[in-house]
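Here is a walk through one protein chain, starting with the overall fold and then zooming in on side chains. Have the structure open and follow along.

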Amino acid sequence: MHQSDRLGGYVWILLAAFFWSLIGVISKICMNAGLSPLETAFWRAAFGGAFFLGHAALSGQLRIRPRDACIFTVFGFWGVGVFFGATQYAIKLSGAAMAVVLLYTAPVWVAFFSRLLFQERISSRKISAIGIALAGTTLVCFSGGSLPGQASMWGIACGLLSGLCYASHYPFYRWWQSRYSTAAIYAFMLLGGTLALWLGVPASLHHAPRVWFWLLLLGLLTGYFAYICYGQGLKRLSLVRAAVTCHLEPVLSTFWVWLFWQENFSISGWIGSTLVLSAVILLSTDKSRE
């Protein structure tokens, strides 16, 4: 792989991380307006899926084998329905900063999946980067960047579950990316997730225009733009590189909720952020082929 392709991969993944970092702050706006965590997740999946369906239809990318479409839809029950729902509950119960950091236990699972399914070699530099990134996210997590009061065990459980769901996207997408476009894959995945969430929550159409604006923005930025960038990045980077580079997301997410929602951000949070960025630099300067 050319160095320019790899650099482009990092740019795409960092863009995805930026868009995903907005999940917490926009979700808090929606839930403070009275939406439940599951309904917020439902509309995120529904709007994101609608954008992908439109993209795939307009670009002629919806020509897909029915069996494969069913696979994407069924995976969407787990990879979108459970994932989006668990993320919103973690935000509600433990705070947006805590939720996004627990989400980033994902690289541990990604390293396991990439080794098991794709025989990717986990170099010592990658192992170091994973360790540094996880140490950084742990510091951010316990820096006070979450809701005040006693920690919610359910919130922590939902955060860890979201990390496992998120990690499963990497090998799943890598397996299918050579056969179908990002738009086609995620159109059906988000359709499956929307159906799963619809079964679990009574979605209301009676919301103020301001709430619809934020829900639309949640679906567009974090459910459509983010996955478009993510798909482009995975075409250029290995699974582990992409997963660790995405650790910029919890740093940004913690900053946004500190800025807009006054969730605390202490010195240990800044130290953790520095460790996360160091892990990204460690990977970006790696000259190995993996």
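## Contacts and overall fold

Among contacts in the protein chain between residues at least 6 apart in sequence, 91% join residues at least 24 apart. Keep in mind that this is a predicted model.

What is the chain built from? The secondary structure comes to 13 helices and zero strands, so read along the sequence you get the pattern α-α-α-α-α-α-α-α-α-α-α-α-α. The chain has 290 residues, and buried ones make up 57% of them.

The largest nonpolar core has 79 residues. Those with the most contacts inside it are Trp-20, Phe-72, Phe-84, Tyr-166, Tyr-170 and Tyr-186. Helix H10 (residues 209–234) gives the largest share of this core, with 10 residues. There is also a second, separate core of seven residues, and Ala-129, Ile-130, Val-240 and Val-244 are among them.

Which residues does Trp-20 touch, if you skip those up to four places away in sequence? The list is Arg-44, Tyr-104, Tyr-166, Thr-222, Ala-226, Tyr-227, Tyr-230, Cys-246 and Glu-249.

## Aromatic pairs

A search of the whole structure turns up 29 aromatic pairs. One of them is Phe-72 with Phe-172, an edge-to-face pair at 5.9 Å centre to centre, with 80° between the planes. This pair links distant parts of the chain: Phe-72 belongs to helix H4 (residues 66–94) and Phe-172 to helix H8 (residues 153–176), 100 residues apart. Both Phe-72 and Phe-172 are buried.

Tyr-227 and Tyr-230 form another edge-to-face pair, with 5.9 Å centre to centre and 85° between the planes. Here both partners lie in helix H10, three residues apart, which is about one turn of the helix. Buried means under 20% relative accessible area, so Tyr-227 at 1% is buried, and Tyr-230 at 0% counts as buried too.

## Charges over rings

Two arginines are worth a look here. Arg-44 lies over the face of Phe-84, at 3.7 Å from the ring centre. Arg-44 is also among the residues that Trp-20 touches, and Phe-84 is one of the residues with the most contacts inside the largest core. Elsewhere, the charged end of Arg-179 sits over the ring of Trp-176, 4.5 Å from its centre.

## Helix H3 and what follows

How does the span of helix H3 (residues 37–58) agree with what its 22 residues should give? At 1.5 Å a residue, H3 should span 32 Å, and its end C-alpha atoms are 32 Å apart, so the two agree. H3 is followed by Gly-60, which has a positive phi, near 70°.

## Cysteines

A disulfide is a covalent bond between the sulfur atoms of two cysteines. How many does a search of the whole structure find? The count is zero disulfides. As for individual cysteines, Cys-30 counts as buried because its relative accessibility is 1%. Cys-165 is buried as well, with a relative accessible area of 0%.

Start with Gln-88, which has its place in helix H4. Is Gln-88 buried or exposed? Its relative accessible area is 0%, so Gln-88 is buried. Leaving aside neighbours within four places in sequence, Gln-88 is in contact with Ile-23, Ser-27, Met-31, Pro-37, Thr-40 and Ala-41. Next comes Thr-182 in helix H9, which counts as buried because its relative accessibility is 6%. Thr-182 is in contact with Phe-52, Tyr-173, Tyr-227, Ile-228 and Gly-231, again leaving aside neighbours within four places in sequence.

Finally, where is Ser-204 found? Ser-204 is in the loop between helix H9 (182–200) and H10. With a relative accessible area of 22%, Ser-204 is partly exposed. Not counting residues up to four places away in sequence, Ser-204 touches Glu-39, Trp-43 and Trp-212. The C-alpha atoms of Ser-204 and Leu-35 are separated by 9.0 Å, with the two residues 169 residues apart along the chain.

Definitions and conventions
Residues numbered from 1 in each chain as written. Heavy atoms only, no water. Core = buried A, V, L, I, M, F, W, Y, C linked by side-chain atoms within 4.5 Å. Buried < 20%, exposed > 50% of the residue type's maximum accessible area, 1.4 Å probe, protein only. Helix = DSSP H or I, 4+ residues; strand = E, 2+ residues; numbered from the N terminus. Contact = heavy atoms within 4.5 Å. Expected span 1.5 Å × (residues − 1). Disulfide = S-S within 2.5 Å. Phe/Tyr/Trp six-rings, centres within 6.5 Å; stacked < 30°, edge-to-face > 60°. Lys NZ or Arg CZ within 6 Å of the ring centre and 35° of its normal.
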